[in-house]
Amino acid sequence: VAQAMLDAQSADVDGVAGATVSSTALKQAVSQAIAEASGKEQAAAHFVPGAYTTTAQGNNGAVTVETTFSEDKIEKIEVVNHYESQGVCEKALFTELPQAILDEQSLAVDTIAGATVASNALISAVRQAAEQAGCDVSALMNAPEKKAPETTEYTADVIIVGAGGAGLSAAVAATDEGTSVILIEKEGYVGGNTLVSGGIFNCPDEDMQKEVEMTAGVKALVESALAETPVSEEHAQLIAKVKEQYDAHNAAGKTYLFDSVEWFTLQTWNAGDKVADLKLVYTMCENAYDTMTWLHDLGWTYKSDIRQGAGSLYQRTHSSVDHAGVGFINALSTGLEGRDAQIVYSTTAKELVMQDGKCVGVVAEDRDGNTITFHANKNVILATGGFARNKEMLAEYNTSGKWPDLTKITGTNMPGITGDGIRMALWAGAELEAGGACMIWNRAILPAGFEFNEDRMGGDIFLPGSQPFLHVNVNGERFMNEDQCYPMSYAAGANQPKHYSWIVWDGNYWDDIAQFDTCGCSRLY
């Protein structure tokens, strides 16, 4: 920021994402110093009254804003078009941030944690509008006065760190048992990675699967798995159980899709290279249908037909009516309403409070530097996700070299997925599971000259490995069976000449993609 101001010879420069408060403080100090050095106070803002429409680049595309001015005031800020993620952008584009600008009559306001790009897009659009209205924007850089840091304490039965899908689920379950809950969320919104997930839920569902034909190809898929040589006694027992169920299904003359908890388990375990704890995989699969029913009772709705969603192994996908994972988060958030639960936003957990070998609380810090201690009468639950957005941890845990250099990959994880809970747990004496794996997503950039219809926009295009399109390398050679799972599909492409591949489709693409586009990605094109 300092160098940007020197280059521009102005305090009116962009801040640094992730250091908005520090950036704002520096810009404000320099702006005041410039005013003092010139022997005058910072100028008041004056505008040519009217409504001005401007555009700035957001995270997913252009953000268009209409800003209305009177002679001496910003009167109204309205976002008229955007492509930002639902559930993430609301505070940045529609509620807290525009209200802060109006209240403070300043552009030197804090961005929304976890939605920095969308926040900066709004601020940039309003700044452009102010310039068009003839305002010296330095007059809009008066930062609100910061209070001295304070120390606060909260107490609840259960303290949950992270308000994504796991944290919200834990909160609903805990309050079901009559306990009080406080969720600590580092971002300015709830949802985490679940919010931007595909919005699908896989589980056997005989009532819906009765509408799906058991084709020869699906029969071959099942029979191939049953013919495998077992790698353990547990594996042998699982194969035997699935075979018994499959034979009974056929003997009863059923022509619809065969499925069961055990077949779901076997497929899932096989797709993970048979290295997972089979008992845990079974527990997940056994509870899947009841979990889906629980979510449905909370308000999550899914479509009336069952599919094989992107990345899924079988036609047992229940697709959310709402875009992406918004339906899950809305249902869980609604489920918390009226319960003894509180969410503390824009607050980052820093340290676990240990007493006699037990975790009894969490020390956290909010965006204003205030220290908050959360005391747990019963338990602390860590639901902070992984560390895909922490380059230091990515490098540290890749010492074996079995992964590519993940520090060069942005990935699709939300910004807050930085391993906070893992680091705190390690400090408290927890141990890491041996081994480890990761899933690397692939995004193909559309070639120059690709033309869209008027109602479609350009940009990156989402092409999961489980879609029925031919994969060819730079020599035009098909190199894989395209029905592989994500890791196999992407690993195959990465190991081709020049480490990339092409996906080929025909003019029926837009119709074909609808079968697999459970997360709504093709809505952008």
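Student: Which residue of β10 is the bridge partner of Gln355?

Tutor: This is a predicted model: local features need pLDDT of at least 70, side-chain atom pairs count only at pLDDT 80 or more, and totals for chains, interfaces and linings use all residues. Residues are numbered from 1 along each chain as its sequence is written, and side-chain values use heavy atoms, without hydrogens and water. β9 and β10 (residues 358-366) pair in the antiparallel sense over eight bridges; pairing takes at least two bridges found by DSSP. In β10, Gln355 is bridged to Lys358.

Student: Which strands stand at the edges of the sheet?

Tutor: Strands are DSSP runs (E, at least two residues), as are helices (H or I, at least four), numbered from the N terminus. Six of these strands form an open, mixed sheet, ordered β8-β5-β4-β11-β10-β9. Two have a single partner strand, so one side of each lacks a neighbour: β8 (341-344) and β9 (347-355).

Student: What angle does α6 make with β5?

Tutor: Helix α6 (residues 165-176) packs on the sheet, touching β4, β5, β8 and β11. Contact means heavy atoms within 4.5 Å. Axes are fitted to C-alpha atoms, for helices over the stretch in contact, and angles between N-to-C directions run from 0 to 180 degrees. For α6 and β5 (181-184), the angle is about 175°.

Student: Why is α9 called roughly perpendicular to α11?

Tutor: Their axes lie 11 Å apart. Angles under 35 degrees count as roughly parallel, over 145 as roughly antiparallel, 65 to 115 as roughly perpendicular, the rest as oblique. Helices α9 (residues 216-226) and α11 (residues 261-271) are therefore roughly perpendicular, with an angle of about 75°.
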